[in-house]
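Please read the following briefing alongside the sequence and the 3D view. It takes up charge, overall dimensions and then selected strands, in that order.

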Amino acid sequence: MDKGISNLEVRRQNRRSILNLLYKNGGMTVLELVKALELSQPTVFNIVKELAAEGLVQQTDSLESSGGRKPRINRVVVSARYSLGIAVTKNHLRITAVNLGAEVIHQEKHDLLFNDSEEYYAALKGICENVILRCGYPREKLLGIGISLPGIIQSGGEEMTFAPTLGIGTLKLCRFRALFGEPVTIANNAKLAALTELWGEGRGDGAIYLLVGGGVGGAILTGENTFDLNSRSGEFGHMTVVDGGEVCSCGRRGCFEVYVSSGVLARNSSGGLSGFFKELREGDGEKRKIWRDYLRVFALGIDNLHTIFDNEIIIGGEMSEYIKEYEAELRRELEGRRPLTAGTDFLRVGSFGEYDASVGAALMHVSKYLMDS
């Protein structure tokens, strides 16, 4: 044992290793844990017993036995804790509660126009307090509250800058942290959405996450399956796709976001985004032309990203639900742009839609809990 590490710290490390291994594998016997971690059987047995007494682990169905008492499987009790994630956008709050198993236990969407005022923060707090009451879990099991924001969060997490979709410059993040009694973590929306989509995959080959909603952002996943939640990288919405094109909220011209954000379609229908697609499905010729132009620029941006990174590209955010419906059209548009590489196997449409960032915000606390327990 390293003399610089106390017996208490060694025990904490062993406890953390056992809990994470049970989490990752879905359940193991004491003997399997002993072999995997190269710890003594009494050490593993006592820690598992301690975790069970805290309600974090339970013994479930027996395995087949070659004789004598059947070994029992130890599993993490996913309902033992939960966390809340809040995705703040210009016009809405999207709120998700997840348990330790990253299972969504409650979701709500509320209309709430963002502004940096006492009235806004009071309304946000009230909505979240009601969600906590409705999600069906005791307050004392709440690990914390994660908040997703569509902007660049400075190192140290005290300020957010460059948040054009919210219509603000600098925002002091202490305003959010002061609202709740539980721990509050804050991170960039696109990075949190990527965390959601890639949770538990254990991949090592890297990927690009493209978030498309009211704004456009992204995350670059390295080969080590990591990325900085508040890195300035991945601002794909502000790459230029039309030289001298339309003015973006960031002040530049021709940004990708100007042509593929959900607002591009929503403002072309009195029914908003859902109304646009309703009219498109009904055969509206004007909506069909707008959609073709949209897909043309969307495919251009995706092709640029894949040419640069040569990695899987995952589309998430509010638009992913509609892209999935018209995925075949997008792939045909892409195929016409790809003389260097045949096929579009690198493309994947995400599974969480408009709630991906709120799920990721909640998962920050699950991840921290598993690392710290």
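In this predicted model, the protein chain carries 43 positive and 47 negative side chains, and the centres of these two sets are 4 Å apart. The accessible surface of the protein chain amounts to about 17,300 Å², with carbon and sulfur atoms contributing 49% of that area.

**Overall dimensions and packing**

- The secondary structure of the protein chain consists of 13 helices and 14 strands; its radius of gyration is 23 Å, close to the 21 Å given by the globule rule for 373 residues, so the chain is as compact as a globular protein of that length.
- Computed along the principal axes in the computed sense, the C-alpha trace of the protein chain spans about 75 × 55 × 45 Å.
- Of the 373 residues in the protein chain, 49% are buried, and among contacts with a separation of 6 or more, 59% involve residues 24 or more positions apart.

**Strand 4 and its two partners**

- Strand 4, which covers residues 92-99, is mostly covered, since eight of its eight residues are buried.
- In a regular strand, side chains alternate between the two faces of the sheet. In strand 4, His92, Arg94, Thr96 and Val98 point one way, whereas Leu93, Ile95, Ala97 and Asn99 point the other way, and all of them are buried.
- Strand 3 (residues 82-88) pairs with strand 4 in the antiparallel sense over seven bridges, and within this pairing tyrosine 82 has asparagine 99 of strand 4 as its bridge partner. The two strands form a hairpin, with three residues between them.
- Strand 5 (residues 104-111) also runs antiparallel to strand 4, to which it is joined by seven bridges, and glutamate 108 in strand 5 stands opposite isoleucine 95.
- Strand 4 and strand 5 form a hairpin with four residues between them, and in its turn alanine 102 has a positive phi of about 60°.

- Three strands form an open sheet in the order 7-8-9, and their pairing is antiparallel; strand 7 (152-153) and strand 9 (171-172) are its edge strands, each of which pairs on one side only.
- Two bridges link strand 7 with strand 8 (residues 159-161) in the antiparallel sense, and isoleucine 152 has threonine 161 in strand 8 as its bridge partner.

Terms used
Residues are numbered from 1 along each chain as its sequence is written. This is a predicted model: local features need pLDDT of at least 70, side-chain atom pairs count only at pLDDT 80 or more; totals for chains, interfaces and linings use all residues. Side-chain values use heavy atoms; hydrogens and water are left out. Two strands pair if DSSP finds at least two bridges between them. The radius of gyration is taken over C-alpha atoms; the globule rule is 2.2 Å times the number of residues to the power 0.38. Buried means under 20% relative accessible area, exposed over 50%, partly exposed in between (1.4 Å probe, protein chains only). Contact means heavy atoms within 4.5 Å. Accessible areas come from the Shrake-Rupley method with a 1.4 Å probe; for residues, only the protein chains shown count as cover. Lys and Arg count as positive and Asp and Glu as negative; His and the chain ends are not counted. The place of a charge is taken as NZ of Lys, CZ of Arg, CG of Asp or CD of Glu.
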